Structures are given as C-alpha cells and as structure tokens.
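Trainee: Please pick the sheet of this model and go through it closely, strand by strand. I would also like to know what is built around it.

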Amino acid sequence: MQYHGKFTIGRKENIRYNLFVTGNRFLFMTVLVFVVIALMLGVTTYGQTKSIQQALIRALPMALGGAALFVVLNTVMMIFRINKAYKSKTAYEFTQDITIDGQGVHATSERGSALLAWEKIAKVAESGKTFYLFLSKTQAYVLPKYQMKDPVAEAAQVRELLRSHLDAKILKLKK
C-alpha cells in the first residue's frame, strides 16, 4: 500500500504547527498564571473579607482575566513572529510531494528530496486538521488533512500505513 499527497506549507500551517508544539507547555503556563494571580489577590484581599475562601472567590475574575490575557498576548506574539519571518523572507511558503510506502516517507520540494525511513520517525501526532510526523521535538513533516482531495479516506489510509509500520507507543492518532 502507498499514499501520495501534495501539500502547500505556508503561514497558516506554520502557525498551527507552532500552536500544536507549544500546546501542553502553553496550557501549563496559563494555569500557572491563573494560580499565581488568584493566590496573590487572595492573600492581599484576605484582610477585607471574612475568610480565605471569600478572598479567593473575589480574586477569581482577575485571575481568569489575567490567564485570558496571557493566552491572547502569547498567541498574538507567536503569530506576529511568524508573519515577520515571512515578510523578512526567513520563512517562505513551499509545496511538498509526500509519498508514504514500505520504505518510509518520501518528501520532495523545491529544496530537494529526502527519504525519512520509518526508524527515524520519533513521534506521530494527529490533530483535527493535520498529521505531524516528528523527526525531533522541533522538526516535523506536516500533512494538512484539509488539503487532501478526500480527507476522510486519505486520512484513514495514512493512519493505516503509520500503524502498520510504526510502534503504537509513538503514535497519537485519532480513532
């Protein structure tokens, strides 16, 4: 069995990749910001309330607001950095042909071609719109499902190929 697809990797895919990669760390930091703000405001307003619970309840709106602001600012800054990279031409859109077969993942683009053998794949993750085939923590092949001609059938074919050639421990796939 073999899968072949052609994907354009641009700004949108880059933003989604960065959000996906930083997701868990981003969630942890958001919770940390919320807890720190809630505790700081709870402690400072404790003298104005009858109990620590009331002080913490009074601090919740500000803690939620601070956590939301943290999420918005970090997301905007990440998008700004990516847009700046595209404007300064340090990042650019490219098209890649991907073939997945018994040997591994073959990728061809304007930069050249490469074979990613199955044993070189460190992790595979699937989000709602994309497959990520990681070579390392910061380097991955991106296969946007929304660019597939038949996303449901092609995604099922990609999943089947990945499951048949890779250890289940490194696969984080849907279904």
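Mentor: Two strands count as paired if DSSP finds at least two bridges between them; strands (E, at least two residues) and helices (H or I, at least four) are DSSP runs numbered from the N terminus. The model is predicted, so local features need pLDDT of at least 70 and side-chain atom pairs 80 or more, while totals for chains, interfaces and linings use all residues. Residues are numbered from 1 along each chain as its sequence is written, and side-chain values use heavy atoms, without hydrogens or water.

The sheet is open and has four strands in the order 1-2-3-4, with antiparallel pairing. Strand 1 (3–9) and strand 4 stand at its edges with a single partner strand each, so one side of each has no neighbour in the sheet. On average, neighbouring strands are turned by 20° against each other, direction ignored (axes are lines fitted to C-alpha atoms, for helices over the stretch in contact; angles otherwise run from 0 to 180 degrees between N-to-C directions).

Strand 2 (94–100) pairs with strand 3 in the antiparallel sense over five bridges; Thr-99 has His-106 of strand 3 as its bridge partner. Strand 3 (104–109) and strand 4 (112–117) are joined antiparallel over six bridges.

Helix 3, residues 151–165, lies across strand 1 and strand 2 and runs at about 110° to strand 1 (contact means heavy atoms within 4.5 Å).

Strand 2, strand 3 and strand 4 each supply at least two residues of the lining, as do helix 1 (11–45) and strand 7 (140–144). Helix 1 gives the most, with four residues. The lining has 23 residues, and Phe-94, Gln-96, Arg-111, Gln-139 and Ala-140 lie nearest the pocket's centre. The space in this pocket is about 640 Å³ (the volume filled by probe spheres set on the points, which are joined across faces, edges and corners).

Helix 1 also gives the most to the lining of the second largest pocket, with five residues. Strand 5 (123–126) and helix 1 each supply at least two residues there. Phe-20, Val-21 and Lys-123 are among the residues that line the second largest pocket, and its volume is about 290 Å³.

Definitions and conventions. 1 Å grid on protein atoms, 1.4 Å probe; cavity = no way out; pocket = protein on both sides within 12 Å on 5 of 7 lines; lining within 4 Å.
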